[in-house]
Amino acid sequence: MDFASLHELLRSTYDEMMPLCAQMTGIAKGIAGLGALFYIALRVWASIARAEAIDVFPLLRPFVLGFCIMFFPTVVLGTMNAVLSPVVQGTEMMVHQQEGNLAELTAKRDKLQEEAYLRNPETAYLVSNEKFDEKIEEMGIIGPEDAVTIAGMYAERAAYQTKQWVMKMVHDLMELLFHAAGLIIDTLRTFMLIVLSILGPIVFGIAVWDGLSGSLTAWFSRYISVYLWLPVSSILTALLTKIQVLMVQKDIEALSDPNYLPDSGTWYYIVFFLIGIVGYFCVPTVAGWIIEAGGGIGSYGRNVNQAAQHGAQGAYTGGKAAMAGAGAAVGNVGGRIKGALLKGK
């Protein structure tokens, strides 16, 4: 099964469904327009009530969000995908490079393993039909004892081939599950990205309202976190493939020794497939470590704003206290001077 074509199918599915977010812009414009009305009116009337100058810069926020809603597929999604896609391409290049090296080394290892079996007269007939026929011709059929010996050779060769077939079947099964786990992660990633993309304009419209601005930073953080699932899984695949490359290189070095007798088991490769399957389900957690996907950016900004507000209120209260103290001191000094002048009269 060609899993690379399935991954490409998921990419094309996302590209085809991404323009569907334009159908949500009408609803998002209505939500954002109503929110902008209250957002601007509240700040303008608050400035008028306090007899302060109207700060125009914060009032531009709803217009910027409205511009992003109008051109959401190109301005927002296009920009984010253009920035994040090189990360995906770079990690996939790592995987392709390691897989190419593994394929070359595996072919070389298999050839050396077959040559090692052929060098040993005790095992040559197990892997070569010609050697098996030659050994039977050398023995000849003289009596029942030879027939029993030949039957034992057939049984031993069948056992060897059965062992090789079982090991290959288990290896192929674990490799299938390994690639299937990667495909599951990629499918869930594509589904979440499509949902975030289609409903993105609604999130931008809701973010115009006071008290709901944190939804915008949460949307950005979740989109980036889910987008990074694929690079993280590619790094895991490249790591496991690199480990297999090193293991195959070690086998090649051992098979270069003429006196080395190879082992037909490849259980250690199966173990690494198991590790990869478990590791794939840790990809969302690792991607969450790269960027906080729970609105942490918004919480951080809210904490900073609250600290700044508390600092400003403290400075204002301290200023009032200082001015009151200065006024009391000036009044006290003035009263004493006035009393001294009256006594002087």
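Colleague: Buried means under 20% relative accessible area, exposed over 50%, and partly exposed in between, for a 1.4 Å probe and protein chains only. What share of the chain counts as buried?

Modeller: Of its 345 residues, 33% count as buried. Please note that this is a predicted model, in which local features need pLDDT of at least 70 and side-chain atom pairs count only at pLDDT 80 or more, while totals for chains, interfaces and linings use all residues. Residues are numbered from 1 along each chain as its sequence is written, and side-chain values use heavy atoms, leaving out hydrogens and water.

Colleague: How many helices and strands are there?

Modeller: The chain has 13 helices and 0 strands. Both are DSSP runs numbered from the N terminus, with helices (H or I) of at least four residues and strands (E) of at least two.

Colleague: Is T237 buried or exposed?

Modeller: T237 is buried, with a relative accessible area of 8%. This residue belongs to helix α10, residues 229-255.

Colleague: And what does T237 touch, beyond its neighbours within four places in sequence?

Modeller: T237 is in contact (heavy atoms within 4.5 Å) with V95, E99, F178 and Y280. With Y280 there is also a side-chain polar contact of 2.5 Å. A polar contact is a pair of N or O atoms within 3.5 Å; within protein, one must be able to donate a hydrogen and the other to accept it, and residues adjacent in sequence count only if both atoms are side-chain atoms.

Colleague: Changing topic, which residues touch the most other members in the largest nonpolar core?

Modeller: They are F72, V76, L77, F204, W219 and Y223, in a core of 30 residues. Such a core is a set of buried Ala, Val, Leu, Ile, Met, Phe, Trp, Tyr and Cys residues joined through side-chain atoms within 4.5 Å.

Colleague: Which helix gives the most to this core?

Modeller: Helix α4 does, with 6 residues.

Colleague: What does W219 touch there, leaving out residues up to four places away in sequence?

Modeller: W219 touches F72, V76, L77, M80, L196, G200, V203 and F204. Another core, of 16 residues, lies apart from the largest one, and A181, L228, I277 and A287 are among its members.

Colleague: At what angle do α2 and α3 cross?

Modeller: The axes of α2 (residues 25-49) and α3 (residues 61-70) come within 10 Å and cross at roughly 175°. The two helices are therefore roughly antiparallel. Axes are lines fitted to C-alpha atoms, for helices over the stretch in contact, with angles from 0 to 180 degrees between N-to-C directions. Angles under 35 degrees count as roughly parallel, over 145 as roughly antiparallel, 65 to 115 as roughly perpendicular and the rest as oblique.

Colleague: Which residues meet there?

Modeller: T25, A28, K29, A32, A36, Y39 and I40 of α2 meet R61, P62, F63, I69 and M70 of α3.

Colleague: Where does A51 lie?

Modeller: A51 is in the loop between α2 and α3. A51 is exposed, at a relative accessible area of 71%, and its phi is near 60°, a positive value in a residue other than glycine.

Colleague: Finally, is E104 buried or exposed?

Modeller: E104 is exposed, with a relative accessible area of 59%. E104 sits in α4, residues 72-119. Its C-alpha atom is 9.6 Å from that of V245, 141 residues away along the chain.
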